[in-house]
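Here is a friendly walk through one protein model, meant to be read with the structure open beside you. Let's take a look together.

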Amino acid sequence: MGQRLVCTIEKDGQEIAAMYWHWSAYTYSALCVTKDVIDCIYDKPYRDVEDLQLRLIRFCERRGGGIEGDAKEFKYIADVFPGETFLSEGYSRNEGLISISQSGIKGLQSWSEGDVIIDLDTGRVTFSVLWSYDTVDEYREYRIDECGD
């Protein structure tokens with residue numbers, strides 16, 4: 001089991017991409033990933049949805065991730081971006097998987113244990129990843145075990 005984070009990007013009322021990280025549905029990790037995705041989206045203007053989708057695919061590849069491993073998703077992406085080449089092996093679900101087809105997006109969302117939704121039309125980020133401690137003593141125990149202080 002991993003703490004599975006899915007970040008879904010919406011534009012014009014449609015889900016245009018979903019990205020999955022296997023160990024990132026913890027509050028801090030999810031915040032860091034969300035910031036990186038937002039930086040990728042708004043780093044420079046994009047021409048259209050396909051331009052943004054390709055940018056997000058390359059974002060995942062640069063981080064050590066890639067296209068969700070289903071052969072249908074690879075074919076779908078190859079058809080949308082003819083002439084482009086994509087990583088087909090040697091990447092990790094821990095570093096990010098991406099789908100842009102509706103069935104691929106739904107597939108990634110079905111694994112989610114924490115969700116982030118970025119709506120490009122409104123600029124709204126819905127962040128549904130919250131991990132907390134039940135008591136101060138539980139937090140102190142965590143700090144001693146994990147951080148040594």
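## Around helix 4

Among the elements covering the buried residues of helix 4 are strand 1, strand 2, helix 3 (71-80) and strand 4 (97-99). Contact here means heavy atoms within 4.5 Å, and buried means under 20% relative accessible area, exposed over 50%, and partly exposed in between (1.4 Å probe, protein chains only). Helices (H or I, at least four residues) and strands (E, at least two) are DSSP runs numbered from the N terminus.

The buried residues in helix 4 (residues 102-110) are G104, I105 and L108. Viewed down the axis of helix 4, they fall within an arc of 100 degrees, so they line one face of the helix; the arc is taken from the directions from the helix axis to the C-beta atoms. On the face turned away from that buried side, you will find the exposed residues S103 and S110.

## About the model

This is a predicted model, in which local features need pLDDT of at least 70 and side-chain atom pairs count only at pLDDT 80 or more, while totals for chains, interfaces and linings use all residues. Residues are numbered from 1 along each chain as its sequence is written, and side-chain values use heavy atoms, with hydrogens and water left out.

Six strands make an open sheet of mixed pairing, in the order 3-4-2-1-5-6. Strand 3 (66-67) and strand 6 (124-128) stand at the edges with a single partner strand each, so one side of each has no neighbour in the sheet. Two strands count as paired if DSSP finds at least two bridges between them.

Strand 1 pairs with strand 2 in the antiparallel sense over seven bridges, and T8 stands opposite A18 in strand 2. Strand 1 also pairs with strand 5 (residues 114-119), here in the parallel sense over six bridges; the bridge partner of I9 in strand 5 is I118. Six of the seven residues of strand 1 are buried, so this strand is largely enclosed by the rest of the structure.

## The hairpin turn

D12 sits in the loop between strand 1 (5-11) and strand 2 (14-21). The hairpin has two residues between its strands, and D12 has a positive phi of about 55 degrees although it is not a glycine. D12 counts as exposed, at 57% relative accessibility.

## The nonpolar core

A nonpolar core is a set of buried Ala, Val, Leu, Ile, Met, Phe, Trp, Tyr and Cys residues joined through side-chain atoms within 4.5 Å. The largest one has 36 residues, of which I9, M19, V37, L56 and I98 touch the most other members. Strand 1, strand 2, helix 1 (27-42), helix 2, strand 4, helix 4 and strand 5 each give two or more residues to this core.

Leaving aside residues up to four places away in sequence, L56 touches I9, A17, M19, V37, C40, I41 and I98.

## An aromatic pair

How many aromatic pairs does the structure hold? There is one. The ring centres of F81 and F86 are 6.3 Å apart and their planes are at 65 degrees, so the pair is edge-to-face. Rings of Phe, Tyr and Trp (its six-membered ring) pair if their centres lie within 6.5 Å; planes under 30 degrees apart count as stacked, over 60 as edge-to-face and the rest as tilted. F81 is buried at 7% relative accessibility, and F86 is buried at 17%.
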